[in-house]
Amino acid sequence: MTAVTAAFARYAANIRHEDLPAEVEARTRFLILDLLGNIVRGRHDAESSLPLMAAAQAMGLSHGNHAVFGETSRWSPAGAALLNGAFAHSLDFDDTHAAGTLHPGAPVIPAALAAAEICGASGKDIIAAIVAGYEVTNRLAVALPGGDHYDRGYHPTATCGVFGGAVAAGRVFGFSEAQIADALGIALSQSAGSLQFLANGAWTKRFQVGWAAMAGLSAALLAREGFRGATEALEGKAGFLRAYAPNPNPERAIRNLGKEFELMETAVKPYPSCRYGHANVDAALALRAEHNLKAEEIESVTMGLPNKGMLLVGAPLAYKQNPKNVVDGQFSGPFVVACALAHGHFGWDSYPKMDAPELRALMPKITCEEDPEIQAEFPANMSGKLTIRARGQTFVKKVVVPKGEPANFLTEAELRAKFHGLADAVLGAEGARALADAVVGLASASDVHGLMRLGAPQAVLRLAGE
């Protein structure tokens, strides 16, 4: 079996900021910016946030000096990793890796930042560590591969993310190869995450990603104290790749490691929902604008999806046509397309309008089907094809590369606009701008503490009852 664990340990222990290609270094800073916007708003707008914080306090995780973005109180290192990781994923607006079918930033970046606060790491070391964490997370997912892993009911953002979090934290601490291998071996015992949240819109999807960030940090801290981890954690007989998927390809995990960057295959979401619906949202917005379509004119809509997209946003159809809460909406193709068609917009502010009459009238008209043409594009592209029947005519739009994908990435202005759309209401416009500038200039920071102080709210949106 290919020595994946040793290869990852060697790579992560030796990665240096100065050796990163300029485009990789820049993209990493913008991925951090995107995630922090999600954390700030997720702290306040996700209904799961207050119960999670209360539980974290009950577990003794609130006593410390670590920052949670969007929150005034300070937390223990484990508490900060847990909450930042969970809040990052709570809006389902965080970054995605199509081939791995996961969200790498949410488990990796909070683990790296929590470790950085422990040791006062420089911005350059943080960036290098996050690159290593993304590479491990994404490469493990494609080696499983992600589709087979999904079929077994696992949530790869959590199961793969714990390894990326452990590697990122270990690199921040300046680990040797042996220490990173130990951290990976310890992380193996904590790799968990189930797709059963799809059955009822459970909040466990968010929690298990935050737990992966905390578990990754914990694995690194254990290794730092000399705690022994399992050898061959990734490729061994009872290791991750063999235990969590039926036909893994370990060689794929380390192919051109250090020369090609899976981080650069990571997309940023322009819409706060499951990525499989985004191409159809792009198509809906385009058709609406091109033909001046009105919701009341629409007779029927068909969303063409890949097979994995059908699993998450298309079936069972009756359930997807009748979302009852935010999580339902995030995984409802009919809801996200209805918002685009009825309102000409789909953003985080669309969820409070879920019961608007025009949306409830339109969603039953929207069906989903596996489209062979779209399936042929997968997994290289998370494409979609929308067919609208209105005014006695048929309008069709195929979107191969949705907005935000690596080949159609957001500009810095678009990334900043998304960030401010999330963070201004919590931090205030000036506070959000200061945080964004600090992230964009992270490479020049001598330590992380200045950045972390900028995450506390000024003008705050509060959840009901908070």
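Tutor: We shall discuss ring pairs and charges over rings. The model is predicted, so local features need pLDDT of at least 70 and side-chain atom pairs count only at pLDDT 80 or more, while totals for chains, interfaces and linings use all residues. Residues are numbered from 1 along each chain as its sequence is written, and side-chain values use heavy atoms, without hydrogens and water.

Student: What makes Tyr154 and Tyr244 an aromatic pair that is tilted?

Tutor: Rings of Phe, Tyr and Trp (its six-membered ring) pair if their centres lie within 6.5 Å; planes under 30 degrees apart are stacked, over 60 edge-to-face, and the rest tilted. For Tyr154 and Tyr244 the centres are 4.8 Å apart and the planes 35° apart, and the pair is therefore tilted.

Student: Why does this pair tie together parts that are 90 residues apart in sequence?

Tutor: Because Tyr154 lies in the loop between α7 (146–151) and α8 (156–172), whereas Tyr244 lies in helix α11 (residues 240–244). Helices are DSSP runs of H or I, at least four residues, numbered from the N terminus.

Student: Why is Tyr244 called buried?

Tutor: Buried means under 20% relative accessible area, exposed over 50%, and partly exposed in between (1.4 Å probe, protein chains only). Tyr244 has 12%, so Tyr244 is buried. Tyr154 has 24% and is therefore partly exposed.

Student: How do you know that the charged end of Lys418 sits over the ring of Phe93?

Tutor: NZ of Lys or CZ of Arg must be within 6 Å of the ring centre and within 35 degrees of the ring normal. The charged end of Lys418 is 4.0 Å from the centre of the Phe93 ring and sits over that ring.

Definitions and conventions:
Helices (H or I, at least four residues) and strands (E, at least two) are DSSP runs, numbered from the N terminus.
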